[in-house]
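Biologist: I'm new to reading protein models. Could you walk me through this one, a feature at a time?
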Amino acid sequence: QVQLVDSGGGLVQPGGSLRLSCAASGSVFTFNAMGWYRQAPGKQRELVAAITSGGSTNYADPAKGRFTISRDDAKNMVYLQMNNLKPEDTAVYYCNGKLRLLGRDYDSWGQGTQVTVSG
């Protein structure tokens, strides 16, 4: 697995914005896809947004129109720009990378960064 370090969380008021960053120890092209998951207290971890090695993106319904996932190949970074944040976005956000090897998906995870939306 490739080491991932995510950061950028914090406290923000409703309607505000945050930009999460995920730094990979190796090339982001190592992964077939990268994405962001989140886990709120008492809830299962859920996909927020993902981007494939080919640049295709997909978003969970709550994120559509508000969040944008992007990739900076030169910096080996993946970002999640979150706009118009809502209290229900409060969660620990985890960077994720999926590597397909021999027909199996291997997951790498960041340590998590807390996003709190309150006002």
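Biologist: How many disulfides does the count come to?

Modeller: A quick word on what we have: this is a predicted model, where local features need pLDDT of at least 70, side-chain atom pairs count only at pLDDT 80 or more, and totals for chains, interfaces and linings use all residues. Residues are numbered from 1 along each chain as its sequence is written, and side-chain values use heavy atoms, with hydrogens and water left out. Now, a disulfide is a covalent bond between the sulfur atoms of two cysteines. The rule here asks for a pair of cysteine sulfur atoms within 2.5 Å. By this rule there is one disulfide. Cys22 is joined to Cys95, with S to S at 2.0 Å.

Biologist: Which hand does the link of Cys22 and Cys95 have?

Modeller: Left-handed, with -80 degrees about the S-S bond. Cys22 sits in strand S3 (residues 18-24) and Cys95 in strand S9 (residues 91-101), so the pair ties together parts that are 73 residues apart in sequence. Strands here are DSSP runs (E, at least two residues), numbered from the N terminus.

Biologist: Is Cys22 buried or exposed?

Modeller: Buried means under 20% relative accessible area, exposed means over 50%, and partly exposed is in between (1.4 Å probe, protein chains only). Cys22 is buried because its relative accessible area is 1%. Cys95 is buried too, at 0%. Ser21, also placed in strand S3, counts as buried with 14%.

Biologist: What is the order of the strands in the open sheet?

Modeller: Two strands pair if DSSP finds at least two bridges between them. The open sheet has four strands in the order S1-S3-S8-S7, with antiparallel pairing. Its edge strands are S1 (4-7) and S7 (67-72), each pairing on one side only. In the antiparallel pair of S3 and S8 (residues 77-82) there are six bridges, and Leu20 stands opposite Leu80 in S8.

Biologist: Which residues form the nonpolar patch on the surface?

Modeller: For patches, take residues with over 30% relative accessible area and no salt bridge, then join like charges within 9 Å, or nonpolar side chains (Val, Leu, Ile, Met, Phe, Trp, Tyr) within 5 Å. A salt bridge is a side-chain nitrogen of Lys or Arg within 4 Å of a carboxyl oxygen of Asp or Glu. Accessible areas come from the Shrake-Rupley method with a 1.4 Å probe, and for residues only the protein chains shown count as cover. Here the patch is Leu101, Leu102 and Tyr106, with about 360 Å² of accessible area together. Tyr106 lies in strand S10 (residues 104-109) and counts as partly exposed because its relative accessibility is 35%.
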